[in-house]
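Kindly read each point with the model open beside the text.

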Amino acid sequence: MYARPLILAATLVVLVGGLVPLTQAAQDRVRPETLSLAPARTVYTVRPGQTYNTRVVFRNLTRSPFTAHVVTRDLKPADDDGTFAVIAQGQARGAGKWFAPAVQSRRVQPDEKLDIPVRITVPADVRPGVYPAAVLVQRVLSNPASNERDGARITVTAGAASQFILTVPGGLETKAHLEQLDSPRVLWPGDKARFAATLVNDGDTFVTAKGHVAIGPFTGYAQQNLQLPDKVDLLPGAQRRLEVEWDDRPPFGWFEPSVVLDVSTRPVNRSYPLVFVLPPWWMVALLVAALMLPIVFWLRRRSRRDDEGLERD
Amino acid sequence: MRTALPWLPLLLVAMLLGSSQLGIPLPGTTSPADAAPSVSGDVEIVGEVDKDVQIDGSGCPGGSLVIGAAGSIAPGDPMVQTAADCSVSFSSNNSALGASLTVQEDAAGGTGPAMKCTIGACAGSSLEDFTGANWAVTTGSHFGAQLMSAAGAATPTWATNPQTYAVAAASTACSTSSIAAGTCSFRFAAASDAADVPGAYEALVQFTAQAN
């Protein structure tokens, strides 16, 4: 009488008891050993002599406590055009010195979230321009230097940077242009089609660019727009290679592609040379057949007329 | 008083216009120049705290950061690497452009080459920063970092081993082009000249993840 309820209860106990460690194990497997710092990037217009308050949020997502070190550094545009900015060498000498985090180092526990207030004091005599800086939160991964034996050792710190792009306004010029345009001229069936261009920020402002590659047929109808992946931020003097693939293209025709960008509300456009998309073989065969058939019929009719004329004679 | 009443609105308008042109605040108002700051003079900047950048150095254990067996590299030794990879994962959800991982000498390392003497008779000595692929033709003492592999969403910017890069100014080793995480693995290599003075040498290397 009680067998079925007992078996059911036992089954439930086994299932629930088994699920709990499974869930915990699943959590352990996917739990990252990461440090997280937010916001990733803050863009703001500041005034000379003004003081600002902000904060960065640091999270220890690792399984162990450690001491987090907070430092500020200058940023500068990177040499390679895939990177937004790099930390300038050495201690902060520029905008990085404007920043005063309320925390310099702090022991953080696993899963702890740390709000770090940061005070920014803009010098009263600063000239108009763009001043990039970063607040870094770092962890020392290994410090073998505590071992005093002879040898060569490396102490490594891993850190995340919260970027601050501060603009002091005053007569700054927004200017950008496109160069190194690259596109196919003739596309065979199955060819990959990629349109590329380098956007150069040669003004003295921080710019944000978004846009697309517009592909119009020679007739001007049925234009396609290939959206760029995301908006692109550029420091003054920086450049970024923009690329987009043309996957869904018509089977045949002449096309006029062009890059159409909005760079901080200013249009920046350049046209590519014409692109000719060759048709697939079966379309060529159809075209040939469509052209040849009337000619064949006409020749046969003419031949029959000639034969009929001969018979009458 | 009754004769002045009709003129009051006109007088008020004139005062307001005069205030705006001369920058003089009326009682109970603030001039445009003072409108932004609070009483303390501070302004609050609020960033997007749901957009973060992440770095994971758990794949870089201490044992991977010693050059040569038990950290011993003798004067005259040719290129010797660290014994295991130092793997770093990184990502950012700031935009679809992803994140970059840069390598440079920590500012606390001061000036000069990255690998410097810290203890011993070698005071003032260092191993020269090295960028290149062919260690066999180099003479003298050298130190640099090598990219061994890129995995996940990471695309290498550095060429892989045996190409070596000086750990000095910031250099982008890897990057991602989406919000997915990438992992890059590194080793460090050094060569010692026969004239190098034995002692404890140390390089301070900084990996930094930033949004693209």
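1. Which strand gives the most to the lining of the second largest pocket? Strand 2 of chain A does, with three residues. Strands here are DSSP runs of E of at least two residues and helices are runs of H or I of at least four, both numbered from the N terminus.

2. The model is predicted, so that local features need pLDDT of at least 70 and side-chain atom pairs count only at pLDDT 80 or more, while totals for chains, interfaces and linings use all residues. Residues are numbered from 1 along each chain as its sequence is written, chains are lettered from A and ligands numbered from 1 in the order in which they are written, and side-chain values use heavy atoms, without hydrogens and water.

3. The second largest pocket has a volume of about 200 Å³. It is lined by 14 residues, of which A:R41, A:V43, A:K231, B:E48 and B:N94 are the closest to its centre. A pocket is an open set of points on a 1 Å grid over the protein atoms alone, where a 1.4 Å probe fits, with protein on both sides within 12 Å along at least five of seven lines; lining residues have an atom within 4 Å of a point.

4. The largest pocket has a volume of about 460 Å³. Among its 20 lining residues, the closest to the centre are A:G82, A:R240, A:R241, B:L97 and B:S177. Strand 17 (239-245) of chain A gives the most to this lining, with four residues.

5. Two cis peptide bonds deserve attention. One joins A:A38 and A:P39, with omega about 0 degrees; A:P39 lies in the loop between strand 1 (35-38) and strand 2 (41-45) of chain A. Another runs from B:N161 to B:P162, with omega near 20 degrees, and B:P162 lies in the loop between strand 10 (154-156) and strand 11 (171-176) of chain B.

6. A:S264 is not a glycine, yet its phi is positive, at about 50 degrees. A:T265, also not a glycine, has a positive phi of about 70 degrees. A:S264 is found in the loop between strand 18 (253-263) and strand 19 (266-271) of chain A, and A:T265 is in the loop between strand 18 and strand 19 of that chain.

How values were computed
Points joined across faces, edges and corners; volume = space filled by probe spheres on them.
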